[in-house]
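Colleague: I am new to reading protein models, and I would like to go through one slowly with you. Could we take the features one at a time, with the general idea before the particular case?

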Amino acid sequence: MKLLTTSQAAEMLAISVPTLRALVRAGELAFIPKGLGSERRHMVFDQADIDDYVKRSKTRLVPASEPIRGPATDNGFLAQRKARLAAKAAARKAAR
């Protein structure tokens, strides 16, 4: 078990020490208390906890299982708008 200081853990995550402390306060990252700091806790971090946080934080903008839709196959907003405009035009034409 390799223990990392606050600055080492922050550097490993490419964040600042205050951001690391905010992650600890939010309960996102576990730490091991070290010493008897009365004003600010002295923390060390387990390498495995850092790796676990990185795994939990990974995200994808588009899920891999979802097909990517383009304008040719999109039956969303634009297709519905086009249908509404066509229905309005037909209603106006029928009213004349």
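Modeller: Let us begin with a term: a residue counts as buried when its relative accessible area is under 20%, as exposed when that area is over 50%, and as partly exposed in between. Please keep in mind throughout that this is a predicted model.

Colleague: With that cut-off, what share of the 96 residues of the protein chain count as buried?

Modeller: Of the 96 residues in the protein chain, 18% count as buried. The chain exposes about 8100 Å², and carbon and sulfur atoms supply 56% of that area.

Colleague: How many helices and strands does the protein chain have, and which pattern does it follow along the sequence?

Modeller: There are 4 helices and 3 strands in the protein chain, and, read along the sequence, they follow the pattern β-α-α-β-β-α-α. As for contacts between residues at least 6 apart in sequence, 45% of them join residues at least 24 apart.

Colleague: How should I describe two helices that pack against each other?

Modeller: Two packed helices are described by the angle between their axes and by the distance between those axes. Here, helix α1 (residues 6-13) packs with helix α2 (residues 17-25) at an angle of about 95°, and their axes are 9 Å apart. Angles of 65 to 115 degrees count as roughly perpendicular, and α1 and α2 are therefore roughly perpendicular to each other.

Colleague: Which residues of α1 and α2 meet?

Modeller: From α1 come T6, S7, A9, A10 and L13, and these meet V17, L20 and R21 of α2. Sorted by class, this contact of α1 with α2 has 5 nonpolar, 2 polar and 1 charged residues.

Colleague: How do I read the sides of a helix, and which residues of α1 are buried?

Modeller: The general idea is that an α-helix has 3.6 residues a turn, so residues three or four places apart point the same way. In α1, the buried residues are T6, A9, A10 and L13. Seen down the axis of α1, these buried residues fall within an arc of 100°, so they line one face of the helix. Their cover includes β1 (3-5), α2, β3 (42-46) and α3 (47-57).

Colleague: Could we look at one of those residues in detail, and what does T6 touch?

Modeller: T6 is found in helix α1 and counts as buried, at 11% relative accessibility. Leaving out residues up to four places away in sequence, T6 touches V17, L20, R21, M43 and F45.

Colleague: Which residues of α2 are buried, and which are exposed on the other side?

Modeller: The buried residues of α2 are L20, R21, L23 and V24. Viewed down the axis of α2, they fall within an arc of 155°, so they line one face of this helix, whereas P18 and R25 are exposed on the other side. What covers the buried residues of α2 includes α1, β3 and α3.

Colleague: What should I look for just after these two helices?

Modeller: Just after α1, A14 takes a positive phi of about 60°, although A14 is not a glycine. A14 has its place in the loop between α1 and α2, and with a relative accessible area of 67% it is exposed. After α2 comes G27, whose phi is also positive, near 80°.

Colleague: How do I read a residue in a loop, and where is E28 found?

Modeller: E28 is found in the loop between α2 and β2 (32-34), and it is partly exposed, with a relative accessible area of 37%. Not counting residues up to four places away in sequence, E28 touches L23, Y53 and R56. E28 and R56 are 28 residues apart in sequence, and their C-alpha atoms are 9.5 Å apart in space.

Key. Residues are numbered from 1 along each chain as its sequence is written. This is a predicted model: local features need pLDDT of at least 70, side-chain atom pairs count only at pLDDT 80 or more; totals for chains, interfaces and linings use all residues. Side-chain values use heavy atoms; hydrogens and water are left out. Axes are lines fitted to C-alpha atoms, for helices over the stretch in contact, and angles run from 0 to 180 degrees between N-to-C directions. Angles under 35 degrees count as roughly parallel, over 145 as roughly antiparallel, 65 to 115 as roughly perpendicular and the rest as oblique. Contact means heavy atoms within 4.5 Å. Ala, Val, Leu, Ile, Met, Phe, Trp, Tyr, Cys and Pro count as nonpolar, Asp, Glu, Lys and Arg as charged, and the others, Gly among them, as polar. Buried means under 20% relative accessible area, exposed over 50%, partly exposed in between (1.4 Å probe, protein chains only). The arc is that of the directions from the helix axis to the C-beta atoms. Accessible areas come from the Shrake-Rupley method with a 1.4 Å probe; for residues, only the protein chains shown count as cover.
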